[in-house]
Amino acid sequence: MSQQTPAISPSSASQTAQGTEPSPVIAVSALAKRYDSGFEALKRIDLDIRRGEIFALLGPNGAGKTTLISIICGLVNATAGKVLVDGHDNVTDYRAARAKIGLVPQELTSDAFETVWNTVRFSRGLFGKRPDNSHIERVLKSLSLWEKRSNKLIQLSGGMKRRVLIAKALAHEPQILFLDEPTAGVDVELRRDMWEVVRELRASGVTIILTTHYIEEAEEMADRIGVINRGEIVLVKEKRELMRQLGRKQLTLHLQKPLASVPPALSHYPLTLAEDGSVLIYTYDAASEPATDSGEHVSISKLLNDIEDAGIRFKDLHTEQSSLEDIFVNLVRERQ
Ligand SMILES: Nc1ncnc2c1ncn2[C@@H]1O[C@H](COP(=O)(O)OP(=O)(O)O)[C@@H](O)[C@H]1O
Ligand SMILES: [Mg+2]
């Protein structure tokens, strides 16, 4: 695993939409939040969400994720700044903005003694939508809740209650769905199910914004990732680009005989010796290396030839690519 710190310029943090792109489904500008306690939870956030994407807002506990989505959804007032939801200002045009949004909250807040069916149906009514039992039925079926429709919430498992929260959020047919830590504390199987549900929703055209402190969730699900730390968005990037640009690769060679030092013939390579000279490590930037048709890095085959020419024999070799987790840890560490 690479220990190198990726070079990230702060100026890249808010680069999102380019000139040719369609208008964002959510546009957040200069958004700030200071709680009554005086605590500054958000510091001038600029963020655009693209129509139809899965956007993961990734950050440690206390970073400001829930505050940010609560402001976008109109549950918490901002101290400064502006939010447009599909062109509607979420303060001056609150009802239109809110109708576009479904929110699956972090905490379970539903009435424990109500049935699944009534809970979800009632939620639709809250948005002034006409009753539509066939829509509610579709939603419950898609979340495997249909068999439980007459159960009271209190009779359901934690995982089923979470599904009810999603069903509630979908009852009024929103175009945008926020999921605040959807899989925190749920078992692996349910997490997989939730991911599947989210993918199906995206396929049906819904824009998804999920917050998470699980790197693997962002890595698995997102089209784009925004990293938030201490109330600041420190980076927004396509997941693929993030992985490619920041992913360091490391080639490790276990030598047949230990070396006292790297031979001069190889001194132009970024090589280091480890484990008393018995391991040779080559660290490189996976993105900057020219690749051949087969996808292998040209410089690696050259390196291996040069190593052989220098009379070094190895027993074993392997490569490792740094995960989003390494990138995240480096980013957050860098800014403390
Ligand atoms: N009502 C509040 N009053 C004062 N501070 C708050 C309030 N709500 C949240 N905070 C603080 O704001 C910061 C961000 O919280 P939150 O948005 O819940 O973070 P996250 O969802 O990323 O864990 C935390 O330090 C939290 O303690
Ligand atoms: Mg939170």
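Which residues of the largest nonpolar core touch the most other members?

**Figure 1. The largest nonpolar core of the predicted model.** In this predicted model, the largest nonpolar core has 46 residues, of which L140, L177, L179, I208, I225 and V227 touch the most other members; a nonpolar core is a set of buried Ala, Val, Leu, Ile, Met, Phe, Trp, Tyr and Cys residues joined through side-chain atoms within 4.5 Å, and buried means under 20% relative accessible area, exposed over 50% and partly exposed in between, with a 1.4 Å probe and protein chains only. Helix 5 (residues 158-170) gives the most to this core, namely seven residues. Apart from this core lies another, of 27 residues, among them I26, F55, L57 and V236. In soluble globular proteins, nonpolar side chains tend to be buried together. Leaving out residues up to four places away in sequence, L140 touches V116, W117, V120, L145, W146, R149 and A167, where contact means heavy atoms within 4.5 Å.

Figure 2. Helices (H or I, at least four residues) and strands (E, at least two) are DSSP runs, numbered from the N terminus. Strand 8 (residues 207-212) is mostly covered, with six of its six residues buried; T207, I209 and T211 point one way, while I208, L210 and T212 point the other way. Two strands pair if DSSP finds at least two bridges between them, and strand 8 pairs in the parallel sense over five bridges with strand 3 (residues 54-58) and, also in the parallel sense over five bridges, with strand 7 (residues 176-180). I208 of strand 8 stands opposite I54 and opposite L177. From strand 7 the chain crosses through helix 6 (residues 188-203) to strand 8 in a right-handed β-α-β crossover, a term which means that, with the strands pointing away from the viewer, the path from the first strand over the helix to the second runs clockwise.

Figure 3. T66 belongs to helix 1 (residues 65-72), whereas Q106 lies 40 residues apart from it, in the loop between strand 6 (101-104) and helix 3 (116-126). T66 is partly exposed at a relative accessible area of 31%, and Q106 is likewise partly exposed at 29%. Helix 1 is otherwise mostly covered, with seven of its eight residues buried, and it is followed by G74, whose phi is positive, near 80 degrees.

Figure 4. Four strands form an open sheet in the order 2-1-4-5, with antiparallel pairing. Strand 2 (40-49) and strand 5 (88-89) stand at the edges with a single partner strand each, so one side of each is left without a neighbour in the sheet. Strand 4 (residues 80-85) pairs with strand 5 over two bridges, and L84 has D89 as its bridge partner in strand 5.

**Notes.** Residues are numbered from 1 along each chain as its sequence is written, while chains are lettered from A and ligands numbered from 1 in the order in which they are written. Local features need pLDDT of at least 70 and side-chain atom pairs count only at pLDDT 80 or more, whereas totals for chains, interfaces and linings use all residues, and side-chain values use heavy atoms, with hydrogens and water left out.
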